[in-house]
Amino acid sequence: MLLRIVFAFYLFHGLVCPVFSEDRNVLRQELLAAAAPFEQLSSVLRRSAEFAAPSIVHIEATQVRPVNPSRTPGRTAAMQVEESGSGIIAEIAGKQVILTNRHVVAGVEMDAVKIETADRRILTPKSIITNTDFDLAVISVAETLPVNAVLGDCDKVQTGDFVLAFGSPFGLKRSVSFGIISAVNRRNIPAGTGESPRVGFFQIDAAVNPGSSGGPMLNLR
């Protein structure tokens, strides 16, 4: 019995013994070698985010909604609702525009829409054209915008591709998350208004939360 107890003690002691300094040096070199491919990917992600950032805008829209007396007894006045989202600067037919989701600005007067650019200017729309089928809004402004985005080819996107998702989740401007394309051509997905645009969507596992609407999705190029 004593022999068994002593053997168990040494076995347990061996599991928790500290790594000596020379072993740690070897372990660190092995770690650095193994981490190199991940660091290379991280470098690509950083550069992609840095390249895209100037073409991303933050959007805030103040929407006035009537109060439903059955849901809010005693209140009759309309209430203001602050919506936030993002957009991307693009050149369409030789003209700079901002692309975002329709539901970010739907039902909002143009003077109640504020657009913050990467160079910290606050702009208001000159015109807003929307399309329900694609949940798309095209915003024009009078001012020159910082940088046009480089648009990709949606037909080349495949399940498993790495992607970055930009947005303003919970009002946190220019946040970025990382993931993969989980599926392509998802159908009958309701937009923020409850409508179901007649278009196929990319499904991604990158974190997307309220306020992320309208933000661009990037591949590593």
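User: How many bridges join E8 to E9?

Analyst: Six bridges join these two strands, and E8 and E9 run antiparallel. This is a predicted model, in which local features need pLDDT of at least 70 and side-chain atom pairs count only at pLDDT 80 or more, while totals for chains, interfaces and linings use all residues. Residues are numbered from 1 along each chain as its sequence is written, and side-chain values use heavy atoms, with hydrogens and water left out.

User: What counts as a strand, and what counts as a pair of strands?

Analyst: Strands (E, at least two residues) and helices (H or I, at least four) are DSSP runs, numbered from the N terminus. Two strands pair if DSSP finds at least two bridges between them. Take Leu-164 as a case: its bridge partner in E9 is Phe-178.

User: In what order do the strands of the open sheet lie?

Analyst: The order is E10-E9-E8-E11. That makes an open sheet of four strands, with antiparallel pairing. Its edge strands are E10 (201-204) and E11 (217-218), since each of them pairs on one side only. In a regular strand, side chains alternate between the two faces of the sheet.

User: Which strands form a hairpin?

Analyst: Strands E4 and E5 do, with five residues between them. E4 covers residues 113-116 and E5 covers residues 122-123. Two bridges join them, and they run antiparallel. Ile-115 has Leu-123 as its bridge partner in E5. Look at the turn too: Arg-120 has a positive phi of about 70 degrees.

User: Where else is phi positive?

Analyst: Ala-93 is not a glycine, yet its phi is positive, at about 50 degrees. Ala-93 lies in the loop between strand E2 (79-92) and strand E3 (95-101). Phe-170 is not a glycine either, and has a positive phi of about 55 degrees. Phe-170 sits in the loop between E8 and E9.

User: Are Ala-93 and Phe-170 buried or exposed?

Analyst: First the scale: buried means under 20% relative accessible area, exposed means over 50%, and partly exposed is in between (1.4 Å probe, protein chains only). Ala-93 is exposed, because its relative accessible area is 83%. Phe-170 has 58%, so Phe-170 is exposed as well.

User: How many salt bridges does a search of the whole structure find?

Analyst: The search finds two. A salt bridge is a side-chain nitrogen of Lys or Arg within 4 Å of a carboxyl oxygen of Asp or Glu. In one, Glu-116 meets Lys-173, and the closest N and O atoms are 2.6 Å apart. This pair links distant parts of the chain, 57 residues apart: Glu-116 is in strand E4, and Lys-173 is in the loop between strand E8 (162-167) and strand E9 (175-186). Glu-116 counts as buried because its relative accessibility is 13%. Lys-173 has 37%, so Lys-173 is partly exposed.

User: Which side chains meet in a salt bridge of 3.2 Å, N to O?

Analyst: Those of Asp-119 and Arg-121. Asp-119 is partly exposed because its relative accessible area is 41%. Arg-121 is at 28%, so Arg-121 counts as partly exposed too.

User: Which residues is Ile-129 in contact with, leaving aside neighbours within four places in sequence?

Analyst: Contact means heavy atoms within 4.5 Å. Ile-129 touches Leu-136, Ala-137 and Val-138 in this sense. Ile-129 belongs to strand E6 (residues 127-131). At 56% relative accessibility, Ile-129 counts as exposed. The C-alpha atoms of Ile-129 and Leu-99 are separated by 9.9 Å, and these residues are 30 residues apart along the chain.
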